[in-house]
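The following exercises are to be worked through with the sequence and the structure at hand. Each task is followed by a solution in steps.

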Amino acid sequence: MTPRKKRLLFVALGLAAVGTATALVLNALNSNVMFFYSPSQIRAGEAPRHAAFRLGGLVEPASLRRMPDGMEVRFTVTDGAVSIPVHYRGLLPALFREGKGVVAAGRLQQEGALFAATEVLAKHDENYMPPEAAAAMKQAHDRKTGTVLPAGASAP
């Protein structure tokens, strides 16, 4: 084999290795990405039916129900226009409260009538809300009232 053919073989093998590694990394990232949806988007059918995603909004006041075993909870997440019931088994974050912001990761169950959460995250202070949750709540408020809030304003 001539030196030129050896170089071409090494370059071809190197490109194949880089291409394979890139494909594996992109596949791993794609399978671990979870998109954020508001209750209004879920009700409109925009959320995936059989894939995991994140649901965000506010925990509806007086909706929290703890089961006798202490590990199972049910609550409702709302964006001000639509509410979605959530079922979760596990420990809730210390900052989890009714009327406060929450993001739950999981899947839709019962033909979209229930969200089965595998992870629940509470917002970490009084002044913070994830940008996606704030935007979704603003859109839901706009659709519900027919008014438009100024940029950066939160729904009442």
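A residue is called buried under 20% relative accessible area, exposed over 50%, and partly exposed in between (1.4 Å probe, protein chains only). The model is predicted, so local features need pLDDT of at least 70, side-chain atom pairs count only at pLDDT 80 or more, and totals for chains, interfaces and linings use all residues. Residues are numbered from 1 along each chain as its sequence is written, and side-chain values use heavy atoms, with hydrogens and water left out.

**Exercise 1. Fold outline**

Task: State how many helices and strands the chain has, and in which order the elements run.

Solution. Step 1: Helices (H or I, at least four residues) and strands (E, at least two) are taken as DSSP runs, numbered from the N terminus. Step 2: Three helices and seven strands are present in the chain. Step 3: Read from the N terminus, the order of elements is α-β-α-β-β-β-β-β-β-α. Step 4: Of the 156 residues in the chain, 33% are buried. Step 5: With contact meaning heavy atoms within 4.5 Å, 49% of the contacts between residues at least 6 apart in sequence join residues at least 24 apart.

**Exercise 2. Position of Met-34**

Task: Determine whether Met-34 is buried, partly exposed or exposed, and list what Met-34 touches.

Solution. Step 1: Met-34 is found in the loop between H1 and E1. Step 2: Its relative accessibility is 26%, so Met-34 counts as partly exposed. Step 3: Not counting residues up to four places away in sequence, Met-34 touches Ala-52, Phe-53, Arg-54, Ala-105 and Gly-106. Step 4: Met-34 and Ala-105 are 71 residues apart along the chain, and their C-alpha atoms are separated by 8.1 Å.

**Exercise 3. Aromatic pairs**

Task: Count the aromatic pairs and classify the pair of Tyr-37 and Phe-53.

Solution. Step 1: Rings of Phe, Tyr and Trp (its six-membered ring) pair if their centres lie within 6.5 Å; planes under 30 degrees apart are stacked, over 60 edge-to-face, and the rest tilted. Step 2: This rule gives three aromatic pairs. Step 3: The ring centres of Tyr-37 and Phe-53 are 5.3 Å apart and the planes stand at 90 degrees, so this pair is edge-to-face. Step 4: Tyr-37 belongs to strand E1 (residues 36-37) and Phe-53 to strand E2 (residues 53-59), so the pair ties together parts that are 16 residues apart in sequence. Step 5: Both Tyr-37 and Phe-53 are buried. Step 6: Together with Phe-115, these two residues form one aromatic cluster.

**Exercise 4. Salt bridges**

Task: Find the salt bridges and state which residues are linked in a network.

Solution. Step 1: A salt bridge requires a side-chain nitrogen of Lys or Arg within 4 Å of a carboxyl oxygen of Asp or Glu. Step 2: The whole structure holds three salt bridges. Step 3: Asp-69 pairs with Arg-89, and their closest N and O atoms are 2.6 Å apart. Asp-69 is in the loop between strand E3 (65-66) and strand E4 (72-78), whereas Arg-89 is in strand E5 (residues 83-89), 20 residues apart. Step 4: Glu-72 meets Arg-74 at 3.7 Å, N to O. Step 5: Arg-89 also meets Glu-72 at 3.7 Å, N to O, which links E5 with E4 across 17 residues.

**Exercise 5. Nonpolar core**

Task: Describe the largest nonpolar core and name the residues with the most contacts inside it.

Solution. Step 1: A nonpolar core is a set of buried Ala, Val, Leu, Ile, Met, Phe, Trp, Tyr and Cys residues joined through side-chain atoms within 4.5 Å. Step 2: The largest such core has 21 residues, and those with the most contacts inside it are Ile-42, Phe-75, Phe-96, Phe-115 and Val-120. Step 3: At least two residues of this core come from each of E2, E4, E5, strand E6 (101-109) and strand E7 (114-122). Step 4: Leaving aside neighbours within four places in sequence, the contacts of Phe-115 include Phe-53, Leu-55, Ile-84, Val-86 and Leu-108.
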